[in-house]
Amino acid sequence: MRARLTDARFFWEEDQRSPLEARYEKLGGIVFHHRLGTVKERVERVGRLATRIADALALDAATEARVLRAARLAKCDLVTLMVGEFPELQGHMGRAYALAQGEPPEVADAIRDHYKPVGAQDDVAPDDVSACVALADRLDTLAGCFAVGLAPTGAADPFALRRACISALRTILDRGYASLRFSSLVEQALDGFEGKKLDLERDATVAKLSEFALERLRGLLASATSTQVADAVLEGSGLTALDNVVSALARARALQAVVDAREPWLDKARIVAKRLAGISREAQPQLHAPAEFEGTSKADDYAIQKLVHELDRMAVGLTTEAAMHSALMAMDEFATKLDRIFLETLVNDPADSFTRIRLETLAYGAESMRRIADFSKLG
């Protein structure tokens, strides 16, 4: 132990002879991946992406400057003697050297914290500076690896892309970054690989990585609520859930509260959802105006139009747990009334000239209902 500590003191003193900034160029001698460039190239990409994330979060100029500085220095300790001998100290030594050399505390902390979360139970990066660098770091790895055909297959995941994706999603969720769209972040990350020979086209990479992220988000929502609730929220939203993962979690929590309370209308909502799903396979969704039902012999046609119009209004702006709760409480009346209509009215009447627009309106109602949740998944 004494010998190891003596070595560590020697490394500390020797490393201090050069500031972190002076080690930046040496990163060009470390290959990240033979098709994705060196660590220096990667750091340059991460810096550009981190500042774009800071812009999307509307951070002030001073904070954005610290983000760029932290991104530039984040990997410099990889070429120090200390980390060369004790690789488990990466980030920690970068922070220590940065503080000793007069870097702002937020920059120094970000050098250490941009690696967070390391494990499933670890906290995410605790502030905007480190979170921006952490997100950019993960997204650069994800976008680059997927673009050159290194997506995980089965149990093989040599670049730990599953963990990187979960870390990125957890950072967005835990930090409450509702303004960040995952697909947009991937597109911005891919901008950094211009000039590199990639296997997948840009749109194909975004689509494949988005599907991959959606499954990781499903797991995170299931952990916070339940598998059924996660499926109900994500099956209804599809890839659009990645446009605002913070609201997806809020919706899941609100729906879980309703499930836990055993609200009596849930059974009717499940039945209605299944009926509407069947109708939506037969008709093109369209919300018709009340005037288009003029002359119908079925009084319930006006009730259907009004119910679907109200449902469409309820399905808009579900970005908070409170908004989702309000929409779910309104589902009581909607499910009860529509269940009664299905029992008493032949909605698919081949002899009725209004059947087409009735089914199209109900198909639109199916879409609106799924934007709230796919209640059929709760059975």
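**Basis.** I worked on a predicted model, where local features need pLDDT of at least 70, side-chain atom pairs count only at pLDDT 80 or more, and totals for chains, interfaces and linings use all residues. Residues are numbered from 1 along each chain as its sequence is written, and side-chain values use heavy atoms, with hydrogens and water left out.

**Terms.** I took a cavity as a set of points, on a 1 Å grid over the protein atoms alone, where a 1.4 Å probe fits but cannot get out; a pocket is an open set with protein on both sides within 12 Å along at least five of seven lines, and lining residues have an atom within 4 Å of a point. Points are joined across faces, edges and corners, and a volume is the space filled by probe spheres set on the points. Helices (H or I, at least four residues) and strands (E, at least two) are DSSP runs numbered from the N terminus. I counted Ala, Val, Leu, Ile, Met, Phe, Trp, Tyr, Cys and Pro as nonpolar, Asp, Glu, Lys and Arg as charged, and the others, Gly among them, as polar.

**Largest pocket.** I noted a volume of about 740 Å³. Its lining has 26 residues, with Lys75, Gln90, Tyr115, Asp137 and Arg163 nearest the centre. Two or more lining residues come from each of α2 (39–56), α7 (128–147) and α8 (161–175).

**Second largest pocket.** The volume here is about 250 Å³. Of 14 lining residues, Ser237, Thr240, Ser247, Arg251 and Arg371 lie nearest the centre. Helices α11 (227–237) and α12 (245–260) each give two or more. The classes are four nonpolar, seven polar and three charged.

**Asp137.** I then looked up Asp137, which lies in helix α7. Is Asp137 buried or exposed? Asp137 counts as buried because its relative accessibility is 7% (buried is under 20% relative accessible area, exposed over 50%, partly exposed in between; 1.4 Å probe, protein chains only). Leaving out residues up to four places away in sequence, Asp137 touches Arg42, Val46, Lys75 and His114 (contact means heavy atoms within 4.5 Å).
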